[in-house]
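Reader: I have a structure open and would like to go through a couple of its features. Can we start with a pocket?

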Amino acid sequence: MRSRMCQRDAKHDYRAQGSYMITLSMARDFPLDFGRVLDASDGVDFSLGRGSVAPSIKRIILYPPYNIPFQSTGPAPQYPSSSFQSRECAYAPRFHLARVKTIRPGVWLSDAGALVRKTFTDFFRDKPEMAIRKIVMMPDHIHFILKVKSYLEKHLGTYVGALKGQCTASVRDTLLDLNLGSASIFEENFHDRIIRNVEMYERELAYLDNNPKRLLLRKLFPDAFRSPVRIWLNGAWMSAYGNLGLLDSPIIDLLVVRSRFGASELSSLSERWERAGRQGGVVVSPLISPKEKEMCKAAVAAGASVIRVMDNGFPPRYKPASAWDELLVEGRYLEIGQEMFSTRREYLHRSKAMAMNRFARSIAHSHSRLLSDL
């Protein structure tokens with residue numbers, strides 16, 4: 001996590017009571033990591049979990065285990081030249097289900113990480129007007145949820161700046177070999193997200209808990225997170241990210257919801273897409289409306305894979321949203337966007353949304369009477 005946007009909300013009082021999800025990113029030239037993410041499914045030697053530096057801090061933090069279908073890669077599939085050409089693809093594997101793997105994410109703090117974690121504990125122990133509700137330390141950044149319990153004397157940023165300074169001083173004064181001088185161990189400023197309600201609070205908690213898992217998935221299954229590739233699809237050059245083998249599925253069904261659909265039509269469509277999932281099929285959609293996302297979630301829970309039509313190409317070093325990580329690892333997710341990435345963000349107007357729907361339909365090949373006019 002580098003160079004995050006750090007704009008504050010100009011209309012928000014950062015001294016008032018409230019909760020925040022705050023991210024501190026490590027300075028680019030800091031030579032150490034705060035720790036490393038590991039798979040503890042085979043056990044961990046907890047005798048190594050206490051160090052001589054900051055011995056009061058637990059060095060190994062474990063997260064709940066979960067099962068994930070591990071996908072091995074085979075040779076690139078042969079696609080009909082009329083629909084898909086793989087010769088331009090740097091990476092076009094077909095994924096095969098091999099086995100179910102149990103994974104237990106864990107974070108093992110380094111000396112620097114342990115010192116920073118101890119500083120967090122000490123800093124907020126002396127600040128009764130504030131409290132940390134959750135903290136997750138990653139190799140190069142820290143997420144924490146901070147609750148402001150009473151009106152602050154100063155702007156929240158003043159306290160975060162003081163915290164960063166104390167963390168730097170603790171590392172500099174203890175790990176003398178680093179020769180940090182006056183340099184901070186953190187990037188300038190910080191990123192915050194104002195938590196405005198209980199639902200958002202629960203989402204942020206889940207986001208923090210899932211951080212180690214997401215990084216572990218990328219380490220264990222690098223083939224699922226390769227860069228986008230250029231493909232020829234339905235008469236046009238496009239960019240794609242994910243399992244290209246989904247384009248060869250015998251069941252690819254269009255998932256589009258129109259505002260005029262009534263309750264009975266939506267119920268019928270939902271059952272149809274869930275049935276496609278139970279049959280090991282794929283749903284293809286731009287996933288524009290909340291109802292489409294809801295229907296897609298139900299289809300995925302039933303076993304469906306997803307081809308998502310995007311409204312743009314992919315920028316350098318692009319990664320899909322973390323919500324799709326597990327489907328990527330399972331070989332059940334593919335994004336298709338324009339050949340080139342446009343830095344100019346445009347409003348998703350109706351004509352573009354309809355064009356995305358038409359392109360999604362061009363990929364699908366199992367149609368329904370309800371969608372015959374899309």
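Author: This is a predicted model. Its second largest pocket is lined by 15 residues.

Reader: Which residues lie nearest the centre of the second largest pocket?

Author: Asn-210, Arg-214, Ser-322, Ala-323 and Trp-324 do.

Reader: And which elements give two or more residues to that lining?

Author: Those are α3, residues 198-220, and α6, residues 325-329. The largest share comes from α3, with 8 residues.

Reader: How do the lining residues divide into nonpolar, polar and charged?

Author: There are 6 nonpolar, 2 polar and 7 charged residues in the lining of this pocket.

Reader: How much space lies in it?

Author: About 420 Å³.

Reader: New topic, then. At what angle do α1 and α2 pack?

Author: Helix α1 (residues 111-125) and helix α2 (residues 156-174) pack at about 135°, and their axes are 9 Å apart.

Reader: Why is α1 called oblique to α2?

Author: Because of that angle of about 135°, α1 counts as oblique to α2. Only angles over 145 degrees would count as roughly antiparallel.

Reader: Is the crossing of α1 and α2 left-handed or right-handed?

Author: The crossing is right-handed.

Reader: Which residues make the contact?

Author: From α1, they are Ala-112, Leu-115, Val-116, Thr-119, Phe-120, Phe-123 and Phe-124. Helix α2 brings Tyr-159, Ala-162, Leu-163, Gln-166, Cys-167, Ser-170, Val-171 and Thr-174.

Reader: How many of the residues in that contact are charged?

Author: None: the contact of α1 with α2 has 11 nonpolar and 4 polar residues, and no charged ones.

Conventions
Residues numbered from 1 in each chain as written. Predicted model: local features only at pLDDT ≥ 70, side-chain atom pairs only at ≥ 80, totals over all residues. Heavy atoms only, no water. 1 Å grid on protein atoms, 1.4 Å probe; cavity = no way out; pocket = protein on both sides within 12 Å on 5 of 7 lines; lining within 4 Å. Points joined across faces, edges and corners; volume = space filled by probe spheres on them. Helix = DSSP H or I, 4+ residues; strand = E, 2+ residues; numbered from the N terminus. Nonpolar A, V, L, I, M, F, W, Y, C, P; charged D, E, K, R; others polar. Axes fitted to C-alpha atoms, helices over the stretch in contact; angles between N-to-C directions. Parallel < 35°, antiparallel > 145°, perpendicular 65-115°, else oblique. Left-handed = near helix turned anticlockwise from the far one by under 90°. Contact = heavy atoms within 4.5 Å.
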